[in-house]
Amino acid sequence: MADRRRPMRPVAPVPSADLPLVAIVGRPNVGKSTLFNRLVGRRQALVADTPGVTRDRKEGLALLRGRTIRLVDTAGLEEAAPSSLFGRMRASSESAVREAALVLFCIDARAGITPADEHFAAWVRKQGRPVMLVANKAEGRGGAASAMEAYSLGLGEPVAVSAEHGEGLSDLMGEIVEHLPPEPEAEFEDDDDVFEADADALDPDAEIVLPARPPGPIRIAIVGRPNAGKSTLLNALLGEERMITGPEPGLTRDSVAVTLHDEGDVFEVVDTAGLRRKARIDEALEKMSVSASIEALKMAEVAVLVLDATLGVHEQDLQIARLIEREGRACVLALNKWDAVEDRNATRQAILDRLSISLAQMRGVPVVTFSALTGASVHRLLPAVREACTVWNARVPTGELNRWFEAALERHAAPLVEGRRLKLRYMTQVKSRPPTFVIFGTRAEQTPEDYKRYLVNGLRETFNLPGVPIRLQTRGTKNPYNTKSRS
């Protein structure tokens with residue numbers, strides 16, 4: 001009998017941590033972030049005609065000639081005291097170089113070779129990592145000639161490109177792949193159960209159980225006002241100094257995503273720039289940072305709102321909470337600097353009271369207290385995020401939902417509108433992420449807001465949906481005797 005099993009297949013795709021890492025380094029304002037965006041194929045890093053825009057390492061996946069790599073954009077290399085901001089930025093870049101399988105040393109061909117280029121080229125040569133020399137901004141006929149000056153750096157033949165105009169990138173991609181270590185061969189398995197498992201999946205009588213949430217990492221956005229401790233929190237979760245931190249407010253400019261594992265789950269955590277009031281945002285670069293933070297929030301499943309517990313809740317914190325609710329994200333309230341709070345019970349209650357009064361949709365939001373600086377109780381955050389994500393993906397069975405709905409109507413009858421009582425007939429959940437319900441009935445679209453709040457509060461309490469936005473929509477049935485509805 002012929003062997004009906006399928007051919008052998010790869011065991012699993014290569015995790016991103018196992019992909020070769022390529023670091024882009026160089027002095028400030030040579031176009032590293034523009035080159036990074038070109039290679040990853042999308043505008044992922046902030047770009048502005050200002051030196052020092054990039055502060056934290058930015059990582060992305062790039063597919064070059066069929067080879068997937070981890071590409072890292074780094075802060076500009078500058079001489080500075082280790083304790084200063086620029087010194088901490090340089091330390092972060094040096095860490096990326098130590099981990100890299102290949103270093104792209106980037107220079108500005110238009111500006112020519114500067115003393116800073118010579119100094120850091122000598123430093124890169126001593127690191128013992130494979131290095132490729134990239135002469136950026138070499139557009140036009142004179143670009144290649146200008147790039148040839150880079151031979152003097154002793155890093156081999158420069159590859160002339162113009163990241164801004166897209167020139168020379170094809171040659172650069174090919175050179176990068178050639179300089180990488182050989183790709184490991186995929187491991188294969190001969191699985192006797194592959195065919196049988198697929199056959200069971202095709203059984204029309206088999207029960208289909210949908211996953212609680214789509215596959216993939218749980219996406220988290222860490223948001224809050226400047227200097228609340230967002231980057232320090234991410235470092236504590238990772239157990240390493242991944243993000244630049246310090247007493248200076250507004251250190252984080254771009255949204256930086258990292259992946260971490262906890263109890264079998266994979267989390268994609270995005271550290272965002274601090275959000276301030278619009279009236280105080282006047283620089284173009286900060287506006288770009290805020291836009292990146294809001295975009296990260298829109299892509300997240302759970303928003304971790306970080307508050308400085310020593311300062312309590314400010315109006316800007318409430319504005320951020322309203323933004324989270326408006327975008328329909330689950331929320332976890334993270335009270336940082338808890339070790340510095342004297343009366344902890346009073347502080348917690350004051351914060352929760354302020355939220356419940358100013359933002360009813362955040363009622364029941366999970367609260368985690370910790371100190372990001374010392375790491376105390378930080379381990380409690382991810383379980384809270386996991387639970388919030390579960391609630392955000394919750395589905396209520398239609399039968400159970402309508403039994404509750406009938407009881408809710410008996411406790412508090414539908415209101416009179418224009419002298420006639422609304423006839424609300426049934427309810428169903430049309431989607432999750434966040435939980436969204438629709439009420440059907442005669443003139444249901446006229447249901448007053450206060451009655452909707454009564455129903456939302458009942459849904460939240462009865463079906464255990466704390467801390468997530470609940471959407472309640474209404475659909476009225478057409479009345480053939482209502483002449484106003486005829487066109």
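Predicted model: local features only at pLDDT ≥ 70, side-chain atom pairs only at ≥ 80, totals over all residues.
**Figure 1. Strands β12 and β13 pair in the parallel sense.** Strand β12 covers residues 302-308 and strand β13 covers residues 330-336. Strands of a sheet pair through backbone hydrogen bonds, either parallel or antiparallel.

**Figure 2. An open sheet is built from six strands with mixed pairing.** The order of the strands is β10-β11-β9-β12-β13-β14. At the edges lie β10 (256-262) and β14 (367-369), each of which pairs on one side only. On average, and with direction ignored, neighbouring strands of this sheet are turned by 25 degrees against each other. Helix α11, formed by residues 381-392, packs on the sheet. The strands that helix α11 touches are β9 (218-224), β10, β11 (265-271), β12, β13 and β14. The direction of α11 makes about 160 degrees with that of β13.

**Figure 3. Helices α12 and α13 pack against each other.** Helix α12 spans residues 398-411 and helix α13 spans residues 449-462. Their axes are 11 Å apart and form an angle of about 130 degrees; the two helices are therefore oblique to each other. The crossing of α12 and α13 is right-handed. From α12, the residues in contact are Leu401, Trp404, Phe405, Ala408, Leu409 and Arg411. They meet Tyr451, Tyr454, Leu455, Gly458, Leu459 and Thr462 of α13. By class, the residues of this contact comprise nine nonpolar, two polar and one charged.

**Figure 4. A cis peptide bond joins arginine 433 and proline 434.** Omega at this bond is about 0 degrees. Proline 434 belongs to the loop that links β17 (423-431) with β18 (436-442).

**Figure 5. Lysine 337 has a positive phi although it is not a glycine.** The phi of lysine 337 is about 60 degrees. This residue is located in the loop between β13 and α10 (344-358). Lysine 337 is partly exposed, and its relative accessible area is 28%.

**Figure 6. Glutamate 418, which is not a glycine, has a positive phi.** The phi of glutamate 418 is about 55 degrees. Its loop runs between β15 (416-417) and β16 (420-421). With a relative accessible area of 68%, glutamate 418 is exposed.

Note on methods: Residues numbered from 1 in each chain as written. Heavy atoms only, no water. Axes fitted to C-alpha atoms, helices over the stretch in contact; angles between N-to-C directions. Helix = DSSP H or I, 4+ residues; strand = E, 2+ residues; numbered from the N terminus. Parallel < 35°, antiparallel > 145°, perpendicular 65-115°, else oblique. Left-handed = near helix turned anticlockwise from the far one by under 90°. Contact = heavy atoms within 4.5 Å. Nonpolar A, V, L, I, M, F, W, Y, C, P; charged D, E, K, R; others polar. Pairing = 2+ DSSP bridges. Buried < 20%, exposed > 50% of the residue type's maximum accessible area, 1.4 Å probe, protein only.
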